[in-house]
Amino acid sequence: MKRVIGFLSILIIVLIGYYLQPALFPPAPETKKVEQNQRTVRHKALKHQTIETAGYAEYIKQPVGKFEATFGQPTKIEDSGFFFQTRYYSLDQGMLEVNVEAGNVSTIKVMSQKGELEPFKFGMTNRQLSEQINLSADFALDYDEEPVVIELSENDMRYRPLIAFKNNTFAIFFFNGDSDKLIGAAYLDIENLLRLMPYQINSGNPLANRIQESNLDWNVLNQQKQTRLIESINQYRTLHKLPVFQTSSTAMTASKDLLKTFLTSPKKVLSQERMEEWETDQSAHLSNLSFELAPAELKKLAKAEETDYISGLFYSPTVDPLFSLFNWISRDRLNELYDDPDANSLGVAFNQESVLVLIQEPEKTKDSE
């Protein structure tokens, strides 16, 4: 009898526990496992706007003879050392340059303070431009049957917006980093866009700058680029009613010495991390992997050479001097070199893709050229 009573007691306890368990310990709500592809969905770039082809965009990828039928013969023709030829044309109140490859126009660069850039004009602000067209931050392109996605940063959109035309050519408009006014424009085909552009590529590969292996005399080319950059800087200053920089043997020699010292012994100036960055940039030859000396690094370099200066810049790669000047003027810190209100002494030195610009006080230089 005791066994029966004990069995029934245990059975009752078990039954009570079984039926009360859902009330006392409700099951946790079921959570569905989110699939990986649901979590990693990214914003897909919208198709960028293309506008009607007009102005300089009509001559990109066309024979240079077509351009010259409208704008006349060049005042000068120079080799670049990078598989293109640069032709210079007269332009009232500004500069006009054309890069030519295999007889066709690949890039047109124009700098002015006032004038038309059909359907735009120099001197307009970025806000006025954005009121006229819808600026795009994402560009999904195809080059050599490969997809390429370009993304513009907020600063790119403000100071270096990219415009696409319906004939599959492009224009980069450069706005002054201080005044926010349009000071220069570069029209180019997609290949040169991928070589020269200052933007980030999110998909696809940028194109390397090809240094020409030939019997070209790089001493001559470096001298030509040096002269052209000085002319471009002073033309920019003239357009903006600033006194032109003077060149002197002291400033020119100082810039050449600093450039040679850095290229010979960069480890004396750079940290290990920065040295790795420099070596990566040099091996890649990519414009969007540009390298410039930080102010402290340039100061360290100048101190080793016992050189005094007001401001300076080391930048690589500089494949196209006028294009690089546009890029520098559109950037906050770099534009200070060229908007200096004083007529100081300017020194410029080139070594293929690398350039060093130095600005010194006039009283510290002699024998002005």
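Modeller: Tyr59 and Phe67 are both buried. Buried means under 20% relative accessible area, exposed over 50% and partly exposed in between, with a 1.4 Å probe and protein chains only. This is a predicted model, in which local features need pLDDT of at least 70 and side-chain atom pairs count only at pLDDT 80 or more, while totals for chains, interfaces and linings use all residues. Residues are numbered from 1 along each chain as its sequence is written, and side-chain values use heavy atoms, with hydrogens and water left out.

Colleague: What makes the rings of Tyr59 and Phe67 a pair, and of which kind?

Modeller: Rings of Phe, Tyr and Trp (its six-membered ring) pair if their centres lie within 6.5 Å; planes under 30 degrees apart count as stacked, over 60 as edge-to-face and the rest as tilted. By this rule there are 18 aromatic pairs. The centres of the Tyr59 and Phe67 rings are 5.5 Å apart and the planes stand at 85 degrees, so this pair is edge-to-face. Both residues belong to one aromatic cluster, whose members include Tyr56, Phe71, Phe173 and Tyr187.

Colleague: Which residues have the most contacts inside the largest nonpolar core, and what makes it a core?

Modeller: A nonpolar core is a set of buried Ala, Val, Leu, Ile, Met, Phe, Trp, Tyr and Cys residues joined through side-chain atoms within 4.5 Å. The largest has 83 residues, and Ile108, Leu117, Ile150, Phe173, Tyr187 and Tyr338 have the most contacts inside it. Helix α7 (residues 218-239) gives this core its largest share, seven residues. Helices (H or I, at least four residues) and strands (E, at least two) are DSSP runs, numbered from the N terminus. A second, separate core has 17 residues, among them Phe262 and Leu298.

Colleague: Which residues does Leu117 contact?

Modeller: Contact means heavy atoms within 4.5 Å. Leaving aside neighbours within four places in sequence, Leu117 contacts Tyr56, Val110, Phe122, Phe173, Leu182, Ala185 and Tyr187.

Colleague: Why is Gln226 called buried?

Modeller: Its relative accessibility is 7%, which falls in the buried class. Gln226 sits in helix α7. Beyond four places in sequence, the contacts of Gln226 are Met252, Lys256, Val348, Ala349 and Phe350.

Colleague: How do you know which class Ala164 belongs to?

Modeller: Its relative accessible area is 2%, so Ala164 is buried. Ala164 is part of strand β10 (residues 162-165). Among the residues it touches are His48, Ile51, Phe139 and Phe170.

Colleague: Why are the buried residues of α10 said to line one face?

Modeller: In α10 (residues 295-304) the buried residues are Glu297, Leu298, Leu301 and Ala302. Seen down the axis of α10, they fall within an arc of 135 degrees, so they line one face of the helix. The arc is that of the directions from the helix axis to the C-beta atoms. On the other side of α10, Ala296, Lys299, Lys303 and Ala304 are exposed.

Colleague: How many residues of helix α11 are buried?

Modeller: In α11 (residues 321-329), nine of its nine residues are buried.

Colleague: What makes the bond between Glu118 and Pro119 cis?

Modeller: Omega there is about 0 degrees. Pro119 lies in the loop between β6 (116-117) and β7 (120-121). The bond from Ser316 to Pro317 is also cis, with omega near 0 degrees.

Colleague: What is the phi of Lys241, and why is this residue put in its accessibility class?

Modeller: Lys241 has a positive phi of about 55 degrees although it is not a glycine. Most residues other than glycine have a negative phi. At 71% relative accessibility, Lys241 counts as exposed. Asn168 has a positive phi too, near 65 degrees, and with a relative accessible area of 42% Asn168 is partly exposed.

Colleague: Where does the pLDDT stay under 50?

Modeller: pLDDT is the predictor's confidence in each residue, from 0 to 100. The protein averages 85, but residues 28-45 stay under 50, with three contacts beyond four places in sequence. Residues 364-369 are below 50 as well. Where pLDDT is low, the predicted coordinates should not be read in detail.
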